[in-house]
Amino acid sequence: MKFENLPDSGGHYGEFGGKYVPETLMAPLEELEEAFEQEWHNDDYRAELNHLNRTFSGRPTPLYKSESLSRLAGTPVYLKREDLCHTGAHKINNTLGQALLARRMGKKRIIAETGAGQHGVATASVCALLGLDCTVYMGSHDMQRQQPNVYRMNLLGAEVKPVSTGSGTLKDAVNEAMRDWVQTVENTHYIIGSAVGPHPFPKIVRTFQKIIGEETRQQIIEIENRLPGLVIACVGGGSNAIGMFHPFLDDDVQLVGVEAGGRGPKPGDHAARLLQPESGVLHGALSYLLQDDEGMVMLTHSVSAGLDYPLIGPEHAFLAKDKRVEYQNATDEEALEAFHFLCSKEGIIPALESSHAVAWLMKNMERIAKGVPVVINLSGRGDKDVEIIRNI
Ligand SMILES: Cc1ncc(COP(=O)(O)O)c(C=O)c1O
C-alpha cells in the first residue's frame, strides 16, 4: 500500500507536484479540493457519475484480445478499448466527473485547453449535456492538424479560441486557459485535461481516470484468471497512463509508460521528458520538464498533438524516480508503423497517441515474457488523425 497515500496534503508526490500558482488561485484551488473530497464521498454524486459513465460514455469499455499482436508477441495481448468511449477517447472520463462537480459548485462557465482536440470535444459534449457555457483554448498549430475536432467542438456549441503564441501547441493553450481562469474564477471552472497542473488537479484527474485500470483488473481476471505481466500506456501529461497504472501499483505487474520520441533524441525533436530527466515548474506543478540550459521551456515535437507537451505529470515523475514504472519512448515513425499495423491487421484505426504504446510492444517483442498476458491501453481512436496520415 506504498502508493495509497499519495499525494500528501500539500499535493506532493515525493518532491514533485505542489501548487505553484499566483496568490489569487490559492483560495479557488482550496475550494475545489474541498468540493471534490465532499462530492467524491457523496452517494448521490457518485450515482449520477456512474449512471452517465454507463449511459452517456458507454462504460465499461471492452478488454479485447488482439489476435494479430498476440501472434507476433507469442503471448496474449489485450487492448483496453478506450477508443470506444463516447467522443473517441478516455478524456470523457475526467471531463464528465469535473463538469458534474463544477455544476454542483454553482459554476456556469467551463474553460478547457486541448492539444489533439479530444479533451476539447469531450468537454464541449458534457457542457452541451449539462447546459454549461464552454470555451476551449487550442494552439493554432494544433487547430490546423486536428481540424475535424475543431469543427466538432463548434457543432457542440463551444467557442474555440486559437492560441498563436509559442509553438501554437498544448503548452501555449494551457497558458491561455490559466490566464483566463485567474480573471474569471468566480463563475468559471477550469477542466484540466491531463494529470498535470497545480494540486488538486493531478489527483482529481487520476481519480476519474482510475476507472480504466479498475475495469481492466476485473476483466483480465475474468478472462485469464490472473493479472497481466505487463501493462503499457502512452504518456502525454499522463492521464490515461496513471488511470490505467494506479490500480496495479501494488501488484507484481510491470508497467511501461511510452513518451513521444518524435524525430529522434535531439533537443526540440521529441517530447520524451524522461530521456534526460530534469526538474522544473510549469503550469503550477514541479515535475520533469524539457528545458534548455537557461531553464527556458524547450520546444517539443511529436506527430501526435496529445503527446506534444514538455512536462510529465508529477505523479509519473515520482513513479519514474521510484523506478516503479519504466518510461520509454517510441518515435513518430514507429508510431506510424503501429498505426498501420492495427488498421490493416486488426480493423481498428487507433489514435496516433495510443499508437505509441502499441509501437513500444512491437519493437520489444523479444523482451516480452511469454505466456503472461499483456495489456495495452488503447486510449483513443484515430478518426481525428486520418488527414495527417493522408498528408504524410
Ligand atoms: C487519444 C489520446 N491519448 C492520449 C493522450 C495523451 O494525454 P494523457 O497523457 O493525458 O492521457 C491524448 C491527448 O490528447 C489523446 O487524445
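Reader: In which helix of this model is serine 355 found?

Author: The model discussed here is a predicted one. Within it, serine 355 belongs to the run of residues 352-363, and that run is helix 13.

Reader: Is serine 355 buried or exposed?

Author: Leaving aside neighbours within four places in sequence, serine 355 is in contact with Ala335, Ala338, Phe339 and Pro350. Its relative accessibility is 0%, and residues count as buried under 20%. Serine 355 is therefore classed as buried.

Reader: How is helix 12 oriented to helix 13, roughly perpendicular or roughly parallel?

Author: Helix 12, residues 332-346, packs on helix 13 with the two axes 7 Å apart and at an angle of about 95 degrees. Because angles of 65 to 115 degrees fall in one class, helix 12 is described, relative to helix 13, as roughly perpendicular.

Reader: How many residues of the contact of helix 12 with helix 13 are nonpolar?

Author: On the side of helix 12 the contact includes Ala335, Ala338 and Phe339, while helix 13 contributes residues including Ser355, His356 and Met362. Sorted by class, the contact of helix 12 with helix 13 has two polar residues and two charged ones, and the number of nonpolar residues is 10.

Reader: Why are the buried residues of helix 7 said to line one face of the helix?

Author: The buried residues of helix 7, which spans residues 147-155, are Asn149, Val150 and Met153. Seen down the axis of helix 7, these buried residues line one face because they fall within an arc of 105 degrees.

Reader: Which exposed residues does helix 7 carry on the face turned away from its buried side?

Author: The buried residues of helix 7 pack against several elements, among them strand 5 (109-114), helix 5 (118-130) and strand 7 (159-163). On the face turned away from that buried side, helix 7 carries two exposed residues, namely Tyr151 and Leu155.

Reader: What is the handedness of the crossing of helix 2 and helix 4?

Author: Helix 2 (residues 43-55) and helix 4 (residues 91-104) pack with their axes 10 Å apart, at an angle of about 140 degrees. That angle makes helix 2 oblique to helix 4. The crossing of the two helices, helix 2 and helix 4, is right-handed.

Reader: How many charged residues does the contact of helix 2 with helix 4 have?

Author: Residues of helix 2 including Asp44, Glu48 and Leu52 meet residues of helix 4 including Leu100, Arg103 and Arg104. By class, the contact of helix 2 with helix 4 has six nonpolar residues and two polar ones, and its charged residues number four.

Definitions and conventions:
Residues numbered from 1 in each chain as written. Predicted model: local features only at pLDDT ≥ 70, side-chain atom pairs only at ≥ 80, totals over all residues. Heavy atoms only, no water. Helix = DSSP H or I, 4+ residues; strand = E, 2+ residues; numbered from the N terminus. Buried < 20%, exposed > 50% of the residue type's maximum accessible area, 1.4 Å probe, protein only. Contact = heavy atoms within 4.5 Å. Arc of directions from axis to C-beta. Axes fitted to C-alpha atoms, helices over the stretch in contact; angles between N-to-C directions. Parallel < 35°, antiparallel > 145°, perpendicular 65-115°, else oblique. Left-handed = near helix turned anticlockwise from the far one by under 90°. Nonpolar A, V, L, I, M, F, W, Y, C, P; charged D, E, K, R; others polar.
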